Amino acid sequence: MLEASQVETYRRDGFVVLPGHLGPALTAELRRETDRILASGHGMRESDAVYDLEPWHAPEAPAIRRITWPHKHFEFFWELAKHPVILDAIAPLIGDAIRLHGSKINTKLGAGGASVEWHQDWAFYPHSNADVLAVGVMIDDIDAENGPMMVMPGSHRGPLHDHHSGEFFAGAIDIAATGLDVAPALPVTGRAGSISIHHAMAVHGSDFNRSGRSRRFLLYEYAAADAWPLRGAPDYADFRARLVRGREPDDYRMEKAPVRMPFPTPPVGGSVYKAQTMLKHHFFGKTQARA
Ligand SMILES: O=C(O)CCC(=O)C(=O)O
């Protein structure tokens, strides 16, 4: 459960960090599972639906930048998505009926693991109400040196920024063009097993990892069960199967929230790392380049 002061921090800043939240046993299991899954992707030659490879990846020098949808492909990550240690922490924020929206592990390897340009998750997956958030689980110790996620306190109150570049959805805010001051952003740091919770409207991003130590960060995206994803639920059976706590709603709750549509996929492809290369100005430098 969250303490009242932690709920207050989340409501005020749009994010909160819970140090050591998973406990040593679950953290050790999480690290083992992640090692195992990454090792079995090392021989890959091209990205696929599970393994997203850094541009310089080679089977003899493996560099996997993301595991896509781990909850879908690996039992451990589906069980963890439903685990009370996580759901009890977010229920005070979005209620007792909760649906998993998606998941990923951003591996951010040492020596140049990819940056993620500034963005609001809400721009990717607006819902019929704003009870939508992401839980970040630290698989490695994360500090200022290994590319922590940085969040702009208070930015969850809006506005929603433009994430398009020309006619395409680039999945990022052009900081130089908008003049948004990201200096007040705070790093999300902690020992492995700590978690963060950030609101879907919170502006956040992260730099390349220049430290030589990996920064593996698991993200689970959750919504109140009565929040309808405005991009639709084409696989309705899967949508219902992702109800991780509580009952299906009788109807979906509509609240006023800013929404920008549609989402034309850029010619480079839709993964966030590729889409963000469409930006005119890169705050953290070109995401395809090795630091
Ligand atoms: O991995 C990070 O630091 C940022 C993650 C993120 O915001 C994303 O992948 O949407």
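Helices (H or I, at least four residues) and strands (E, at least two) are DSSP runs, numbered from the N terminus. The model is predicted: local features need pLDDT of at least 70, side-chain atom pairs count only at pLDDT 80 or more, and totals for chains, interfaces and linings use all residues. Residue numbers start from 1 along each chain, following its sequence as written.

**Exercise 1.** Locate Lys 108 and Trp 69, and state whether each is buried, partly exposed or exposed.

*Solution.* Step 1: Lys 108 belongs to the loop between strand S4 (98-106) and strand S5 (116-119). Its phi is positive, about 35°, although Lys 108 is not a glycine.

Step 1: A residue is buried if 20 or more other C-beta atoms, placed from the backbone, lie within 10 Å of its own, exposed if 12 or fewer, and partly exposed in between. Lys 108 has 29 C-beta neighbours inside 10 Å and therefore counts as buried.

Step 2: Trp 69 sits in the loop between strand S3 (64-68) and helix H3 (70-73). Trp 69 also has a positive phi, near 50°, without being glycine. Because Trp 69 has 15 C-beta neighbours inside 10 Å, it counts as partly exposed.

**Exercise 2.** Determine which residues of helix H4 (residues 75-82) are buried and what covers them.

*Solution.* Step 1: The buried residues in H4 are Phe 77, Leu 80 and Ala 81. They lie on the same side of H4 because they cover an arc of only 105° around the axis, the arc being that of the directions from the helix axis to the C-beta atoms.

Step 1: Glu 75 and Glu 79 are exposed, on the face of H4 turned away from its buried side.

Step 2: The cover over the buried residues includes H3, helix H5 (84-94), S4, S13 and S14; contact requires C-beta atoms, placed from the backbone, within 7 Å.

Note on methods. Contact = placed C-beta atoms within 7 Å.
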